[in-house]
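Here is a friendly walk through the side-chain contacts of one protein. Keep the sequence and the 3D view open as you read.

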Amino acid sequence: MYQNAPKAITVTEALKKMELYCAYQERCHKDVEDKLKTMKLIPEAREKIILHLLQHNFLNEERFAKSFARGKFRIKKWGKQRIVRELKYRNISQYNIKTALKEISEKDYYDTFHQLAEKKYASLKETDKYKKRKKLTDYLRYRGWETHLVFEKIKELFK
């Protein structure tokens, strides 16, 4: 036998690993499926494990979406468009995406946007007004803030 051949893993061992994986932090189905694929399990075993995780509430798509939206907004200061894009990438349903976005209060959303824009504006060392405007716009758009908000803020800052 080869020395570096992957060691066969039993369904029970894989199940325990996946329980720990899901208990450590919220996971979506895509994360779990990707992790199971790395374990080289047969499709039936993967389905059995996912079903177990769902039945025992280790895996909950709505809970994941809410946690993801709150975390990315509070910690990374992402706008709703970026959060929606990332959730869609993870195959989260439209219903769960809408539910997740309700976790962010309107007041917090606008306050965070204004603080972020003003902080970035102050930190830009660019002397050319147009380049500075472009850098700020690109920065805010990349983070997923809505175009109308970005352009209103740009107008306000570049009077």
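Asp-34 and Lys-30 sit four residues apart in helix H2 (residues 29-38), about one turn of the helix. In this predicted model, the two side chains form a salt bridge, with their closest N and O atoms 3.4 Å apart. How accessible are these two partners, Asp-34 and Lys-30? Asp-34 counts as partly exposed at 33% relative accessibility, and Lys-30 is also partly exposed, at 21%.

## Other salt bridges

The count of salt bridges comes to 13. One of them links Lys-153 to Glu-118, where the closest N and O atoms are 2.5 Å apart. Because Lys-153 belongs to helix H9 and Glu-118 to helix H7, this pair ties together parts that are 35 residues apart in sequence. Lys-153 is buried at 3% relative accessibility, whereas Glu-118 is partly exposed at 37%.

Salt bridges with shared partners also join Arg-82, Glu-86 and Arg-90 into one network. Glu-86 is buried, with a relative accessible area of 19%; the cut-off for buried is under 20%.

## Aromatic pairs and a cluster

Now for the rings. The model holds eight aromatic pairs. In one of them, the ring centres of Phe-113 and Trp-145 are 5.2 Å apart and the planes meet at 45°, so this pair is tilted. Phe-113 is part of helix H7 (residues 106-123), while Trp-145 is in the loop between helix H8 (129-142) and helix H9 (147-157), so the contact ties together parts that are 32 residues apart in sequence. Both Phe-113 and Trp-145 are buried.

Another pair brings together Tyr-121 and Phe-158: their ring centres are 5.2 Å apart and their planes lie at 85°, which means the pair is edge-to-face. Tyr-121 comes from helix H7 and Phe-158 from the segment after H9, so here the parts tied together are 37 residues apart in sequence. Tyr-121 is partly exposed at 25% relative accessibility, but Phe-158 is buried, with a relative accessible area of 9%. Which residues make up the aromatic cluster? Phe-73, Tyr-109, Tyr-110, Phe-113 and Trp-145 form it together.

## Charges over rings

The charged end of Arg-27 sits over the ring of Tyr-21, 3.7 Å from its centre. Likewise, the charged end of Lys-72 sits over the ring of Trp-78, at 5.2 Å from the ring centre.

## Cysteines without a disulfide

How many disulfides does the model contain? The count is zero.

Key:
Residues numbered from 1 in each chain as written. Predicted model: local features only at pLDDT ≥ 70, side-chain atom pairs only at ≥ 80, totals over all residues. Heavy atoms only, no water. Phe/Tyr/Trp six-rings, centres within 6.5 Å; stacked < 30°, edge-to-face > 60°. Helix = DSSP H or I, 4+ residues; strand = E, 2+ residues; numbered from the N terminus. Buried < 20%, exposed > 50% of the residue type's maximum accessible area, 1.4 Å probe, protein only. Lys NZ or Arg CZ within 6 Å of the ring centre and 35° of its normal. Disulfide = S-S within 2.5 Å. Salt bridge = Lys/Arg side-chain N within 4 Å of Asp/Glu carboxyl O.
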